[in-house]
Amino acid sequence: MKYYNAGIVSQSLWYEEFNLYLNYLNQGKTYSEVKNLSDQKNIFQASSTNRAQRMSRALTNRIIAIPQEVREIYFQLDVTNQKLVDFLGIMLTNRLLREFMYEVYRDELILGDRKLEDAEIQAFLTRKQEENAQVASWQEATIHHLKSTIKSLLRETGLVKKNQRKNSDDVTPIMLDIFLIQSLKAAHLDYELSTLEGS
């Protein structure tokens with residue numbers, strides 16, 4: 001991932017759709033066939049044709065990015081770890097989210113108070129704007145949407161939980177399944193494993 005992109009602002013975790021897509025692949029369907037089913041039969045029950053296309057393309061990119069070693073054990077995992085694999089696919093296709101997870105979320109696991117504040121997400125995005133001309137060119141509305149999307153993805157995955165009494169999210173690390181840990185190591189995803197374990 002050489003370049004940053006803000007494409008995740010139009011995405012969600014889409015866990016049920018991700019799960020269905022992998023089931024189709026397990027039945028022997030190709031990526032093209034699943035995308036055609038989405039376009040023609042709306043198998044992911046999207047609200048519009050354009051959204052169905054965006055969803056199927058985003059899911060395709062995620063699944064292609066996930067190493068075979070991880071995909072092979074996906075259906076052996078519980079729902080919590082399956083959602084983590086889905087989230088991993090987003091990390092592997094979006095440099096900004098990947099770096100956020102390593103630089104901010106991982107630090108919360110290791111050194112922080114395990115509270116994710118809006119100001120921490122904003123500080124990360126501001127730093128990226130200062131470091132990178134591409135991110136600096138993004139409009140303020142895009143930065144605002146990115147902040148919301150990052151929080152939403154983390155909540156959907158279960159990596160944070162909204163604190164109703166405070167304007168923050170509690171960091172709630174997920175216990176990785178041993179098979180997932182082994183498959184991440186086999187796929188040489190040490191950076192991602194370190195991020196998710198806080199090691």
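Predicted model: local features only at pLDDT ≥ 70, side-chain atom pairs only at ≥ 80, totals over all residues.

Residues are numbered from 1 along each chain as its sequence is written, and side-chain values use heavy atoms, with hydrogens and water left out.

**The sheet**
- Three strands form an open sheet in the order E1-E3-E2, with antiparallel pairing; strands (E, at least two residues) are DSSP runs, numbered from the N terminus.
- Strand E1 (115–117) and strand E2 (160–163) are at the edges with a single partner strand each, so one side of each has no neighbour in the sheet.
- On average, neighbouring strands are turned by 35° against each other, direction ignored; the angle is taken between axes, which are lines fitted to C-alpha atoms.
- Strands of a sheet pair through backbone hydrogen bonds.

**E2 and E3**
- Strand E3 (residues 168–171) pairs with E2 in the antiparallel sense over four bridges; pairing requires that DSSP finds at least two bridges between two strands.
- Asn-163 stands opposite Ser-168 in E3.
- Four residues make up the hairpin that joins E2 to E3.

**E1 and E3**
- E1 and E3 run antiparallel and are joined by three bridges.
- Leu-116 has Asp-169 in E3 as its bridge partner.

Terms used:
Axes fitted to C-alpha atoms, helices over the stretch in contact; angles between N-to-C directions.
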